[in-house]
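Let's take a walk through a protein chain together, starting with the whole and moving on to the details. Keep the picture in view as you read.

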Amino acid sequence: MTNQEIVHQIAALQCRGHGYYSDGLFPSQRIHGWFPYCREDNNIFFSTLIVYTLLDLRGDLDETSKSLIEEIVTAVRSAQPLYQHWKGEGSYNFWM
């Protein structure tokens, strides 16, 4: 799989208009190692990690992939205010 294909696959996983997840987020699940459960986890943490990773790698990619990364980053950033500290401080909550 080429780098361009990987970026396109990542972009396809990003939520847009899904009910449970905020637009721009990537789906994530919470899994407990001792108890048998796996549930959807609406949080900003993993989406932000994906953004940081893509931004770190974009220098090695073609222009089409760089443009797609910018779209991914913009969408995640649009969801960040939903997770901002309720007093407006400089920290973010993992969950809404």
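A residue is called buried when its relative accessible area is under 20%, exposed when it is over 50%, and partly exposed in between, using a 1.4 Å probe and protein chains only. By that rule, buried residues make up 30% of the 96 residues in this chain. What you see is a predicted model, in which local features need pLDDT of at least 70 and side-chain atom pairs count only at pLDDT 80 or more, while totals for chains, interfaces and linings use all residues. Residues are numbered from 1 along each chain as its sequence is written, and side-chain values use heavy atoms, leaving out hydrogens and water.

Now for the overall layout. The chain has three helices and two strands, and from the N terminus on they run α-β-β-α-α. Helices (H or I, at least four residues) and strands (E, at least two) are DSSP runs, numbered from the N terminus. Along its principal axes, the C-alpha trace spans about 40 × 35 × 25 Å. A contact means heavy atoms within 4.5 Å. Among contacts between residues at least 6 apart in sequence, 44% join residues at least 24 apart.

Next, look at two of the helices. How do α1 and α3 pack? Helix α1 (residues 3–13) and helix α3 (residues 63–79) meet at an angle of about 20°, with their axes 10 Å apart. Here, axes are lines fitted to C-alpha atoms, for helices over the stretch in contact, and angles run from 0 to 180 degrees between N-to-C directions. Angles under 35 degrees count as roughly parallel, over 145 as roughly antiparallel, 65 to 115 as roughly perpendicular and the rest as oblique. The helices α1 and α3 are therefore roughly parallel to each other. On the α1 side, the contact is made by Gln4, Val7, His8, Ile10 and Ala11, and on the α3 side by Thr64, Ser65, Leu68, Ile69 and Ile72.

Finally, turn to the aromatic rings. Rings of Phe, Tyr and Trp (its six-membered ring) pair if their centres lie within 6.5 Å; planes under 30 degrees apart count as stacked, over 60 as edge-to-face and the rest as tilted. By this rule there are two aromatic pairs. Tyr20 and Tyr21 form an edge-to-face pair, 5.0 Å centre to centre with 85° between the planes. Tyr20 is partly exposed because its relative accessibility is 47%, whereas Tyr21, at 8%, is buried. Phe45 and Phe46 also pair edge-to-face, at 5.1 Å centre to centre and 80° between the planes.
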